[in-house]
Amino acid sequence: MNHQASMLETLRQHRPLLLACEAIGWLHMTGKAHPEFLRMHGGVGTRYEPKDWHKELKPEWETQLRWAVEFSSALKWPNSLLEFLTKFDEGKSEDNLVGLLQAGHAMASGIEKNIPRATSKYLQQDATHMWLSSPFGHPVRNLLIDPPRLLATHGWKELIEQVGRLLEKLKELGSIPCTDAEHWWRWREEAIGANGWLRQAFLSTVAETRVPNNDVTLWDQSYVAAALFKSAVAGAVLVGSSFEWRNKSKQQTRWRVLTIGFGARHYEARAVKIGDWVGAQRDIESFFKGVRRLIEVDLAIGSLVYRDDEMLAFTFPGQREDNQGSLDDNAAEQLRKSISEQVDQLAQKFEFETPPLCRLSPSTRSFVPMIQELRQVRDVLAIPTHRSWEIESDDQPNHPEARHVCPVCQVRLNKLPRSAQTDNARKSYLCSVCRKRRRGRLDAWLSGDGDTIWISEVADKNDRVALLSLRFDIDPWLEGQHVDSLRARSIADWRRFNPVLEEYWKRAPTQRRCIDNPLDPERPFVSVVDCVKTKLASYDSEDLVLANLQEGYRRESDWETFFRKIVEDRADAPQFANLDDTERANWLAHQFFRKLPSPGRVYRFWRASEGFFDELFEQFREIAASHPNPWRRRRLRLIPDTQTAQEWEDRETYAGRWNEGPFEVLYRADHDHNDFLTIGNLARCLPATETAMVLQGQEVELKGDDGQVKKLKIQSAREPERLGVYAPVIALERSPRRFRVLVPLDRVTPCIEAAIAKWREEFARVWDRMPLRIGVVAFQRLTPFQAVIEAARNLEDALDRDGCETWRVLERRTREEVTALSLERKDGRSETVLLPVSLPDGRQDVFYPYARVEDRALRFPRDFRHPNGQVYRHMADLRPGDGIKVEASRITGVFLDTTSRRFEVPVVRPLADFEHMRDTWDLLVRNSPSLTALRSAWSEIEERERNWRDIKGAWLARGKDEWLSLARAILSDRLQIRGAALEALVDAAGAGILAWALEWHLTWLKEGI
Ligand SMILES: [Zn+2]
């Protein structure tokens, strides 16, 4: 056996141990899941010891895990296994496995860089308001007033019982020689898979009760700590006897990030029908699941910490910072190669046309390099065949003259279709692999997986569909750049609540040395920088200001080391040696007060965006399914008359017409039944009052894919036992980066409104840094899918084309905890933004709503400056005239009445204009005497507009003013609109909004008034 293979073998042999360690990591803070933990911190006077929770376990912790010690006695175990639960957060690094858990825990919580409890008491929440917050500052739940299941009566008892069973099963699996990873996979998924009970329980409560760190759930922190612990132990297992257990493994341990990428875009671009793309996606999803199983369970070397539609990132053992006994670069590369081979084998099972990618980052103590890694992976994946990759084909060309290259994959030859008669039908036939992909999705649907896969069921009464693409620009959050705008505490508040600084670490208050807080309350930022600067001459670990600012300061002995630890989590971290004292002081002051992009939080940014789209999808389902005619969401099962039986192909679709509406069915010949399922929008053929009986005995002409027409005589029609109801939506893609979904075009307006409302509520505090970008492709049902996808991609590119914009503050009013900002946008028009500036308990929110201002001067106590010079200002402090940087939310759309329309440059508008457009339409509906009058008025206004523009479309001199006064006259004469309504419409006409409102509602949606 070569060295590479033996490393995989070593990992597999240690699978029970590695998964046991991961479980220890999940559970090490279980005590925090008790409501008493929250009450104790909420100041209700209870005494609760979160580290004693294991006393309620029966059989006890030690007994349940003893097998693991016997399993791998070569590792350094602590004297008592309880030390995992009691020493994980101690300052002193343990010389055994506990030290590795300490390392993972510290990394996950960022505690080494944390603030002393003594000077941050004022950040505590109390029992009346114990909130779990989103990572973007939106209050999610008041945990003690409105407790989740975990914190309600019996929640704790249930949890402890479940933990008991988890350990029981773990012991059982660990104690029997078991080579099958499947049992382990099931054990793990049940606890922490997408719907795992432990994940769900820990997600519902906080790991930290102080604001603003109440944004990290117990799950985020436990899971990331467990992932890091597991990888660190895997490193020890791989290195064996030369592994360094001593010398501060808590501080020295580092990790790598293993990234597995797969170029999904390639398959999207080649899909001929939507089924090709969704089918390929299903295979890619299964492949990713296989990869996860390989890394997380089979080899048990790490755990997933990021994923999107094209890549998975896992924790991986690293080399120690001091380079002593740990997994060195050479061995890590060997291991990567053998993992890559295993991943390739997995990909070959799915007969993919492109190779996967397997990369390893350098060793690091931060998650920030992970994002750079992801970016590089994405670049490589943009070239589908980025390395040689063999495509196996079992279709031996026995009739070469009759075979064609498959229109989807464009690499394999298709099989000779039985019934296709025309040359076109032969050419459009797929190869066996692509056919299997299309079919795989059909099989899944038939077995009851999801709503619908049929675009004919999504199409609205006008036979139209909308592809909605919604996106966040999440990278600057994952990379830490926008996290610079968030404060862990305000300097002014810290000064205010700590007028006296003392040696809080000494037990007896009388023996503590103390001084007045030297910061100037009027100019806190400048004075903190100045103060730090004066102290850089020598390192005084007793310094009261620094010791009170930063928990770890007392434990260090020189500036260079301290600086490295405090500033190290930045991707662009400057070297201490390359800076002067002013720059050093700036960096330190920034890092002391900012929110950290800790792994737990970075993981949460990703999950919050994903959760947003998941919840929105549920809203879309409801919106799309709401229709006065229940046939909109119903299917029928049709039993054919056996007397006139025809040759139908199993699982083929047939289309015809019934009652003036399109009528599509799927034939099923498998198992006992020979029947048809309807797969179209039945509301177009059946009135709401009609029953299925009406179809009985009827005859319908149907045409198959092969072009042949047959007659179906319906013996009976009834509700199918399964698949009887659906919501007319198809999710094409759901990832934190992009959400693409098909909805009926006539339901797209409320879908967009729901998305905007949800974004405004949940991202209000970061509206300028977490833009929502919406693209709408409206199309006829039969439009080629490739054209639709290409149009969507063009819109997405157009939405991102303009970068950051500068907007100017016109007015700021703060009333009842809400600040209203009137802003002049880049296009010269104004927009009002509302944002909450208080926490739910009434305190000011000094953590989230900070704008990047043009101003270089610090003017208010809450102002702060990034070391690169950017000044941030609290949004409630903004003054008229202030210019602020805004990542603008935008919307654009295209109606593919012809497929060539996808090449046109789309008009990108500010997102708020969508609401303006809707208001404008409402105004027209309320005021126009008739649709005919409206249409004729509008065509005249449009006609006049052309006269005032030159051939290139630019306004002639004074043209716009002339045209607008004409528009005013026409609206007033023809539609009899007066006063404020008239002025609003003329203004909308000038902004292009009136034209948009008419196009959207009359042309796209074919609405009446
Ligand atoms: Zn193919």
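This is a predicted model: local features need pLDDT of at least 70, side-chain atom pairs count only at pLDDT 80 or more; totals for chains, interfaces and linings use all residues.
1. Cysteine 531 is in no disulfide, and the nearest cysteine sulfur, that of cysteine 514, lies 16 Å away. Cysteine 531 is buried, at a relative accessible area of 12%, where buried means under 20%, exposed over 50% and partly exposed in between (1.4 Å probe, protein chains only).

2. As a note on conventions, residues are numbered from 1 along each chain as its sequence is written. Local features need pLDDT of at least 70 and side-chain atom pairs count only at pLDDT 80 or more, while totals for chains, interfaces and linings use all residues, and side-chain values use heavy atoms, with hydrogens and water left out.

3. The whole structure contains 112 salt bridges, each a side-chain nitrogen of Lys or Arg within 4 Å of a carboxyl oxygen of Asp or Glu. In one of them, glutamate 333 meets arginine 336 at 3.0 Å, N to O; glutamate 333 is partly exposed at 31% relative accessible area, whereas arginine 336 is buried at 17%.

4. Lysine 506 and glutamate 503 also form a salt bridge, with their closest N and O atoms 3.1 Å apart. Here lysine 506 is partly exposed, at 32% relative accessibility, and glutamate 503 is buried, at 3%.

5. A further salt bridge joins the side chains of arginine 879 and aspartate 855 at 3.5 Å, N to O. Arginine 879 is partly exposed, with a relative accessible area of 29%, while aspartate 855, at 16%, is buried.

Notes: A disulfide is a pair of cysteine sulfur atoms within 2.5 Å.
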